[in-house]
Amino acid sequence: MILITGGAGYIGGHCAIHFLERGKEIVIFDNLENGHIETINALKNIGNLHFVKGDLRDIDDIKSVFKQYDIDAVIHFAGYIQVEESVKNPSKYYKNNILGTLNLLDSMIENNVKNIVFSSTCAVYGEPEYTPLDEKHKKNPLNPYGRTKLMIENILDDYEIAYGLKSVKLRYFNVAGADSKTRTGEWHDPETHLIPNILKSVFEKDNIFKIFGTDYDTFDGTCIRDYVNVEDMAKAHMKAYLYLKEHQKSDVFNIGTEQGNSVKEVFDTAKSVTGKDIKVKLEPRRDGDAAKLFADASKAKKILDWHSEKTLEESIKTAYLWEKSRH
Ligand code: UFG
């Protein structure tokens with residue numbers, strides 16, 4: 001059985017669907033602070049799903065999962081993810097992301113579970129010295145959130161040397177879109193991400209979409225990001241899991257489309273996909289945004305045989321259908 005921590009959240013939920021649809025028995029462990037019970041309910045009929053409500057910061061919670069179920073690998077999503085909040089409240093981030101992960105890893109070692117796929121982020125690189133970013137780029141995270149992810153990557157390597165733990169770290173670029181059957185989608189509170197914010201403004205009249213910064217050194221002045229579809233992302237986790245099972249080898253991969261799109265391009269695409277004339281306000285830059293981030297994902301292609309398949313239009317379309325279903 002596969003343990004998915006944070007499986008009631010956005011990316012974890014889509015990954016859970018992917019694994020269930022391919023006949024894997026899974027147990028989701030989630031404290032439901034940012035994850036949603038609705039996601040668990042939506043997943044129940046897909047396959048062999050177990051759910052445990054618990055918190056990684058409580059070692060007894062996670063230990064009991066390993067006692068109750070015969071776990072053979074872990075996909076670890078659980079963690080706080082908001083950059084701005086991490087700057088204001090680093091204690092919250094270090095306690096949950098670091099301490100929570102240590103509790104998870106120690107429970108794994110105690111139970112002789114030695115395979116883990118870890119959700120890392122392109123935020124580990126910090127301000128890019130060159131693009132596209134490859135895995136060898138200098139790691140210099142700009143905020144506590146990114147630092148917790150890099151620390152966990154390092155902890156995983158130390159646990160390999162000491163205890164033989166094998167890990168695949170996936171460094172996500174900007175994850176976008178929703179389940180193509182609209183069973184789940186992106187659902188954060190507060191919502192800070194670009195695509196859901198554009199789409200929310202379609203349904204909520206008082207919620208005018210804001211573009212943060214139009215004076216960046218890019219072709220149209222707005223930030224460039226690499227928007228990878230969440231179902232493609234789920235596939236990357238399956239490939240990483242199978243790679244671990246087959247090769248028992250640790251590694252790290254960028255997961256992105258290798259294509260950069262500006263905020264204005266995403267906005268224009270959203271207008272054409274929805275057929276709505278969406279209002280927009282131009283605002284000053286948001287703190288801590290790099291001008292340009294996109295992936296060199298050739299390593300994932302070569303070693304995991306993974307590549308991005310879905311287009312930005314497809315991601316926005318499924319995200320729109322999901323947003324519509326929520327309103
Ligand atoms: N943006 C807007 N308006 C909004 C929301 C976002 O203009 O309402 C802009 C941002 O300024 C940025 C771009 O859209 O230029 C993308 O912003 P997101 O918040 O969607 O995503 P980020 O690139 O900031 O964050 C993502 C992940 C983080 C990760 C980070 C690494 O969500 O978890 O990449 O850089 F840390």
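Residues are numbered from 1 along each chain as its sequence is written, and side-chain values use heavy atoms, with hydrogens and water left out. In this predicted model, local features need pLDDT of at least 70 and side-chain atom pairs count only at pLDDT 80 or more, whereas totals for chains, interfaces and linings use all residues.

The protein chain is assigned two domains. Domain 1 covers 2–176 + 227–255, and domain 2 covers 194–225 + 258–295 + 309–326. These bounds come from an automatic or database domain assignment. The C-alpha centres of domain 1 and domain 2 lie 26 Å apart. Across the two domains, 16 residues of domain 1 are in contact with 16 residues of domain 2. Contact here means heavy atoms within 4.5 Å.

The ligand is surrounded by 22 residues. The closest are His-193, Lys-210, Arg-225, Arg-286 and Asp-289. A polar backbone atom of Lys-210 sits 2.7 Å from a nitrogen atom of the ligand. The side chain of Arg-225 places an N or O atom 2.8 Å from a ligand oxygen atom. For Asp-289, a polar side-chain atom is 2.6 Å from an oxygen atom of the ligand. Taken alone, the ligand exposes 680 Å², and the protein buries 89% of that. Accessible areas come from the Shrake-Rupley method with a 1.4 Å probe; for residues, only the protein chains shown count as cover.

Helices (H or I, at least four residues) and strands (E, at least two) are DSSP runs, numbered from the N terminus. β8 gives the most, with four residues. By residue class, the shell divides into 13 nonpolar, five polar and four charged. Ala, Val, Leu, Ile, Met, Phe, Trp, Tyr, Cys and Pro count as nonpolar, Asp, Glu, Lys and Arg as charged, and the others, Gly among them, as polar. Both domain 1 and domain 2 give residues to this shell, so the ligand lies between them.

Trp-322 belongs to helix α11 (residues 312–326). Its relative accessible area is 9%, so Trp-322 is buried. The cut-offs are under 20% for buried and over 50% for exposed, with partly exposed in between (1.4 Å probe, protein chains only). Not counting residues up to four places away in sequence, Trp-322 touches Ala-178, Thr-182, Arg-183, Thr-184, Gly-185, Glu-186 and Trp-187. A polar atom of the Trp-322 side chain lies 2.9 Å from the backbone oxygen of Glu-186. Trp-187 is found in the loop between β7 (174–176) and α7. With a relative accessible area of 22%, Trp-187 is partly exposed. Beyond its neighbours within four places in sequence, Trp-187 contacts Asn-34, His-36, Glu-38, Trp-322 and Arg-326.

Thr-5 lies in strand β1 (residues 2–5). Thr-5 counts as buried because its relative accessibility is 0%. Its side chain reaches the backbone nitrogen of Ala-78 at 3.1 Å. Setting aside neighbours within four places in sequence, the contacts of Thr-5 are Phe-29, Val-74, Ile-75, His-76, Phe-77, Ala-78 and Leu-104.

Some backbone features deserve mention. Most residues other than glycine have a negative phi, and most peptide bonds are trans. The bond from Thr-131 to Pro-132 is cis, with omega near -5°. Pro-132 is found in the loop between β5 (115–121) and α6 (144–163). Asp-189 and Pro-190 are also joined by a cis peptide bond, with omega about 0°. Pro-190 lies in the loop between β7 and α7. Gln-248 is not a glycine, yet has a positive phi of about 50°. The loop between α8 (230–247) and β11 (251–255) holds Gln-248, which is partly exposed at 35% relative accessible area. Glu-258 has a positive phi near 75°. Glu-258 is found in the loop between β11 and β12 (261–262) and counts as partly exposed at 40% relative accessibility.

How values were computed:
A residue is near a molecule or strand if one of its heavy atoms lies within 4 Å of it. A polar contact is a pair of N or O atoms within 3.5 Å; within protein, one must be able to donate a hydrogen and the other to accept it, and residues adjacent in sequence count only if both atoms are side-chain atoms.
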